[in-house]
Amino acid sequence: MAPTRSEGLITAVDIGSSKVAALIAQPTEGGLQVLGSGQRESRGVKHGLVMDMERTEHAIREAVEQAERIARTNIDQAWISFSAGGLYSNVASVEVDLGGQRIAQTDVDSLLEAGRRSIDPEGRMVLHAQPTLYTLDGLKGVRTPTGLHAERLGVDIHIVSADPSPVRNLDLCVRSAHLAVKSIVASPIATAMACLSEEERELGVALVELGAGVTNVSLFAGGLLVGLASLPIGSAEITDDIASAFGTRRAQAERLKCYHGSAQTSPRDNHETVDVAVTDGEGSDPLRISRAQLIGVIRQRLEVWFGQVEEALKALGFTGPTARRLVLTGGGAELKGIADYAQGVLGRTVRLGRPRGLIGLPDAHGGMGFSTLAGLVLFAASDPIDLRQAAPAAGPARGPAGGFVSRIMQAFRSGY
């Protein structure tokens, strides 16, 4: 049996609607080195929610064991992604009076303790409670306040919370697979680490994760996640549409989508044909369709899908001439021509977000469908400060939070 040496290693497990993927990495002087990775089909998760505990647990166990065999080690804890709906993003502002004295670390610690106490449970479960930028006498944007003088010291605390039951079900599945849960990370937070540059997060960008069962539309500005919407629609619906339209199995429909499908049309599509294995009995002749017919089915679903994405962007306040940057990632972004299609429909500059920042990531796990997995490792390696570690808490803060978020949104509308 391989020795257990999980100390110093980072293990990430991304539990999605189409697959469960695991990755083991080790921090080195040159960066984060991938030691092993694994993947299994996910049959117990629908729209990001655990629907079958036993199947989900089995997929987690097999994906992790595959990664362990390649890494030649055993691990006992992991960072887990959470991509289902019901995520909430909020920012709370807290201040303390210093009387003009020089700021010491004890003052910062007292401020963060006051911030931790301000996290008020409202029936939701906190996934992240991270201090971001400090405020000196009303001046925002201070990263390191120690050593400076101020009358009042404040801090903005970024809080991401979720409906508790789906999180508990996910936690139970992982623990049933004999893994301790190091932390459960909101998928948009992890994915942004792998796909967005620091400058993009500062200037303002929309990140759209096109998953198999869930599409997360998240908005970043000032370095923070300031808006989030989850849509119960994904690329699996395109697969189902193809299977239904041409009377074939889902596996065949998925293959047709990946190898012959596209979001864009061309004149030659009417002249190219594709054979489809039908399901009306053994020995039946395959159905021959034109590529134009296949793309027609795909584009019908894309119209609905990106119509919902556009509505989500408007609801989040991502409008106006300055709201131009948009990044697509997730398995659905692997569809040919998807970036050009999105750019035409949404009227924004669109690029594809591929995972980056890891050394030795296998080609099989280097696509956009593994952005969250890579981001989990990067997030863990960043050693994020979390106020929940000081004491348990379960819910977003009230009161001053909405003011900061509304100011960020107003900045988009007026020209951030």
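Q: Thanks! Is R40 buried or exposed, or something in between?
A: R40 counts as partly exposed, because its relative accessibility is 27%. Here buried means under 20% relative accessible area, exposed means over 50%, and partly exposed is in between, with a 1.4 Å probe and protein chains only. Keep in mind that this is a predicted model, where local features need pLDDT of at least 70, side-chain atom pairs count only at pLDDT 80 or more, and totals for chains, interfaces and linings use all residues. Residues are numbered from 1 along each chain as its sequence is written, and side-chain values use heavy atoms, with hydrogens and water left out.

Q: Got it. What does R40 form a salt bridge with?
A: Its partner is E62, and the closest N and O atoms are 3.0 Å apart. A salt bridge is a side-chain nitrogen of Lys or Arg within 4 Å of a carboxyl oxygen of Asp or Glu. The pair links distant parts of the chain, since R40 sits in strand β3 (residues 31-41) and E62 in helix α1 (residues 53-71), 22 residues apart. Helices (H or I, at least four residues) and strands (E, at least two) are DSSP runs, numbered from the N terminus.

Q: And how accessible is E62?
A: E62 is partly exposed, with a relative accessible area of 27%.

Q: How many salt bridges are there?
A: The structure holds 18. One of them joins E202 to R143, with 3.4 Å between the closest N and O atoms. E202 lies in helix α5 and R143 in the loop between β9 (139-142) and β10 (152-162), so this pair ties together parts that are 59 residues apart in sequence. R143 counts as exposed at 52% relative accessibility, while E202 is partly exposed at 28%.

Q: Switching topic: which residues of helix α7 are buried?
A: In α7 (residues 250-260), the buried ones are A253, L256 and K257. Seen down the helix axis, they fall within an arc of 95°, so they line one face of α7. That arc is taken from the directions from the helix axis to the C-beta atoms.

Q: What do they pack against?
A: They pack against α6 (236-246), β15 (273-276) and α8 (291-315), where contact means heavy atoms within 4.5 Å. On the other side of α7, A251 and Y259 are exposed.

Q: Last one: what is the volume of the largest cavity?
A: About 50 Å³. On a 1 Å grid over the protein atoms alone, a cavity is a set of points where a 1.4 Å probe fits but cannot get out, and lining residues have an atom within 4 Å of a point. Grid points are joined across faces, edges and corners, and the volume is the space filled by probe spheres set on the points.

Q: Which residues line the largest cavity?
A: Among them are I15, G48, F82 and P166. β5 (49-50), β6 (77-82) and α3 (164-176) each supply at least two residues of the lining.

Notes. 1 Å grid on protein atoms, 1.4 Å probe; cavity = no way out; pocket = protein on both sides within 12 Å on 5 of 7 lines; lining within 4 Å.
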